[in-house]
Amino acid sequence: MPNYADLKRIPDIDKRKRIVRGLKALRAGINAEGGAIPPKTASDTLLLASWNLREFDSGKYRYRDVEPYHYIAEIINRFDIVAIQEVRKSLFPLQQLKRMLGSWWDFLVTDVTLGRSGNSERMAFFYDRRKVDFTGLAAELVLEEAIPAADRQVQFARSPYVAGFRAGWAYFTLVTVHIYYGEGTPVDARRLAEITALGKTIASYAGDFSGANVYGPEDKPKRDNLLLLGDFNIFNRKDVTMEALTTAGFRVPEALQTIPGSNVTKDKHYDQIAYYRELRSMKPTGRAGVFDFYDCVYCEDQEADYAAERQEKPGRSFRDWRTYQMSDHLPMWVEFQVDDSDAYLDELGA
């Protein structure tokens, strides 16, 4: 569980009590009957999530107080590994989460994306080292042929981040993205071009991303599991932006195909998790979803509780203000089985 010791050092007793109520509400929501998010296991399963944490943490509206950090840490702690998008220049937010989550957690992070469309963002992976091992591969994806934009050639607005891991029997490579948004329309030309180029490039070089063991200098590693996840800014699962992924050979786990959208109003499918062609030593358990933390914290009927905090920069609605405390995206998650012991023994005994 996250480190709650910092709660004792909050001088405002009313705030401390509010955070305690919020944490208890979050824990109850996560553990709701039927399981909003399944419990973690020691070795049988992998809980993988993707979360765009809005402006984490730019101070664009107001730097996050200690309160949302406690809530964000509580949610991340439920997973084994989380891809995070929209991390900004300062590494303080990631370091703060690591302090709160515990020494067994670690993170990988990109450099700052330069250029106006990159919004000075980083991308990161947060992972629980008790379950997940980093296998050494960490890179930012650069296109062989750039995306045409007007009369100039450009790369991704934010370079996809690639990293290799192992959990249980499964080696897996994650590619997290924050695709260009552009115009607020279902199909923006550059957004479609980025997704298309991403799918084709990853598919073409899938074998080079494997972090599986190699036992000789001329040996090739077995293909591991290759997954794309992050904020694709896909409005609808049935439009051409989603088709660009599936045409390249990526498959969304069945349980994720019927969940609500990952934006706060749950009507857009910006975030996605998909694997390339087939999986080895890991398979979806059938459990997946998005977690709506606004049912637990920063609820609409709690607006009056935050009147003092909102006075620093008044004018925004409470609904908008709270997205700069938590996010305007809900975490998307999927559970995989990663214990392949029985299959291996069956093969040896055949």
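Among contacts in the protein between residues at least 6 apart in sequence, what percentage join residues at least 24 apart? The value is 74%, where a contact means heavy atoms within 4.5 Å.

The structure is a predicted model, in which local features need pLDDT of at least 70 and side-chain atom pairs count only at pLDDT 80 or more, while totals for chains, interfaces and linings use all residues. Residues are numbered from 1 along each chain as its sequence is written, and side-chain values use heavy atoms, with hydrogens and water left out.

The protein contains eight helices and 14 strands; these are DSSP runs numbered from the N terminus, with helices being H or I of at least four residues and strands being E of at least two. The C-alpha trace spans about 65 × 60 × 35 Å along its principal axes. The radius of gyration is 20 Å, which agrees with the value near 20 Å that a compact globule of 350 residues would have. This radius is taken over C-alpha atoms, and the globule rule is 2.2 Å times the number of residues to the power 0.38.

Of the 350 residues, 53% count as buried. Buried means under 20% relative accessible area, exposed means over 50%, and partly exposed lies in between, with a 1.4 Å probe and protein chains only. The protein exposes about 16200 Å², of which carbon and sulfur atoms supply 48%; accessible areas come from the Shrake-Rupley method with a 1.4 Å probe, and for residues only the protein chains shown count as cover. There are 47 positive and 51 negative side chains, and the centres of the two sets lie 4 Å apart. Lys and Arg count as positive and Asp and Glu as negative, whereas His and the chain ends are not counted. The place of a charge is taken as NZ of Lys, CZ of Arg, CG of Asp or CD of Glu.

Thr176 belongs to strand β9, residues 170–178, and counts as buried because its relative accessibility is 0%. Leaving out residues up to four places away in sequence, Thr176 touches Ala83, Gln85, Met123, Phe125, Pro160, Tyr161, Leu229 and Gly230. Gly230 is 54 residues from Thr176 in sequence, yet the C-alpha atoms of the two are 5.1 Å apart. Thr110 is placed in the loop between β3 (105–109) and β4 (122–128) and is buried at 6% relative accessibility. With residues up to four places away again not counted, Thr110 touches Arg122, Met123, Glu140 and Tyr161.

Pro284, in strand β13, is partly exposed, with a relative accessible area of 34%. Apart from neighbours within four places in sequence, Pro284 is in contact with Pro253, Leu279, Glu335 and Phe336. Between Pro284 and Gln337 there are 53 residues of sequence separation and a C-alpha to C-alpha distance of 6.2 Å.

Some backbone features were also noted. Most residues other than glycine have a negative phi, and most peptide bonds are trans. The peptide bond from Phe56 to Asp57 is cis, with omega near 5°; Asp57 lies in the loop between β1 (45–56) and α2 (66–76). Asn233, not a glycine, has a positive phi of about 55°. Asn233 occupies the loop between β10 (225–231) and α5 (240–247) and is buried at 5% relative accessibility. Tyr298, also not a glycine, has a positive phi of about 50°. Tyr298 is in the loop between β13 (283–290) and α6 (307–310), and its relative accessible area of 1% makes it buried.

Tyr298 is one of the residues touched by Gln325, along with Arg62, Arg64, Asp65, Pro68 and Ile72, when residues up to four places away in sequence are not counted. Gln325 is located in the loop between α7 (318–323) and β14 (332–337) and is buried, with a relative accessible area of 1%.

A search of the whole structure finds zero disulfides, a disulfide being a pair of cysteine sulfur atoms within 2.5 Å. The cysteine sulfur closest to that of Cys296 is in Cys299, and the 6.8 Å between them is too far for a bond. Cys299 is likewise in no disulfide, its nearest cysteine sulfur being that of Cys296. Cys296 is buried at a relative accessible area of 10%, and Cys299 is buried at 12%.
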